Every structure is written in C-alpha cells, then in structure tokens.
Amino acid sequence: GDPTKPGLYVVRAIFPPHVMDTPHTHPNDRYVTVLSGTWFTGTGPTFDVSTAVPLTAGSVMFHPGGAVHWDGSARDDGATVQITGMGPAPTVPIDPMVSPWTRVEAPKR
C-alpha cells in the first residue's frame with residue numbers, strides 16, 4: 001500500500017551509513033522490523049545519538065502514533081528497515097526549521 005493513502009502499507013527504508021532523521025511524529029501506530037545492519041532509535045524531542053538504542057537485524061520495534069522519535073544509522077553498516085502501519089501516515093517534524101536528516105558519528109559507549 002501507499003503510506004500517503006488510507007489503508008495498510010508496508011515500506012522498506014534504507015538508511016545510509018551515519019544518516020539519521022531528526023525528531024518527528026506519525027499520526028498512527030507503526031511497526032518497524034530491522035532487516036539488515038544496525039538501526040538506532042531514540043524518543044523525545046531532543047536528538048542525542050549517545051542515548052540511542054541500537055537494534056540489530058531481526059529486532060522489531062513499536063512506534064505508537066503521535067510519539068516523538070528519531071532513528072537511523074549511526075555506524076558504517078547502514079540499516080534497512082521494514083515499516084508497517086495504517087495510512088495516511090505523514091512524517092510531522094517537531095521543528096520544521098531543522099533539516100529532517102542529519103549526519104552522525106557512532107555513539108561512544
């Protein structure tokens with residue numbers, strides 16, 4: 001399906017190495033399955049890659065509708081995820097003046 005239209009959709013998103021999206025929301029619940037690489041995710045309006053949770057291939061995460069979050073790849077391997085939800089499901093940035101994408105380095109642990 002098409003996430004911009006009503007109904008079920010399944011999309012695959014490829015995050016290049018060291019690219020993450022900035023804090024945003026979606027109006028509906030979404031389920032994210034990590035297909036390859038390491039996908040980093042965080043919650044709340046403050047983007048801080050050092051607090052991100054790394055999820056490896058096979059991991060599944062639930063994003064509740066309206067919850068502020070950010071995610072992507074913070075390592076050299078990039079990440080491919082599959083996102084399932086009900087549309088329409090626009091991405092709503094927390095701060096429209098901030099670029100929706102940012103380049104990051106791996107968090108120091």
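What percentage of the contacts in the chain with a separation of 6 or more comes from residues 24 or more positions apart?

1. Contacts. In this predicted model, residues 24 or more positions apart account for 82% of the contacts in the chain with a separation of 6 or more.

2. Secondary structure. The chain holds ten strands and zero helices. Read from the N terminus, the order of elements is accordingly β-β-β-β-β-β-β-β-β-β.

3. Overall dimensions. The radius of gyration of the chain is 13 Å, which agrees with the value near 13 Å that a compact globule of 109 residues would have. Along the principal axes, the C-alpha atoms occupy a box of roughly 40 × 30 × 20 Å.

4. Burial and surface. Of the 109 residues in the chain, 39% are buried. The accessible surface amounts to about 5,900 Å², and carbon and sulfur atoms contribute 62% of that area.

5. Nonpolar cores. Eleven residues form the largest nonpolar core: Tyr9, Phe15, Val32, Val34, Trp39, Leu55, Met61, Ala79, Val81, Ile83 and Ala89. Two or more of these residues come from each of strand S1 (7-15), strand S4 (30-43) and strand S8 (79-87). Apart from this core lies another one of seven residues, including Phe40, Trp70, Ala74 and Val104.

6. Surroundings of Ala89. Ala89, a member of the largest nonpolar core, touches Pro3, Tyr9, His26, Pro27 and Arg30, leaving aside residues up to four places away in sequence.

Terms used. Residues numbered from 1 in each chain as written. Predicted model: local features only at pLDDT ≥ 70, side-chain atom pairs only at ≥ 80, totals over all residues. Heavy atoms only, no water. Helix = DSSP H or I, 4+ residues; strand = E, 2+ residues; numbered from the N terminus. Rg over C-alpha atoms; globule rule 2.2 N^0.38 Å. Buried < 20%, exposed > 50% of the residue type's maximum accessible area, 1.4 Å probe, protein only. Contact = heavy atoms within 4.5 Å. Areas by Shrake-Rupley, 256 points an atom, 1.4 Å probe, with all protein chains shown as cover. Core = buried A, V, L, I, M, F, W, Y, C linked by side-chain atoms within 4.5 Å.
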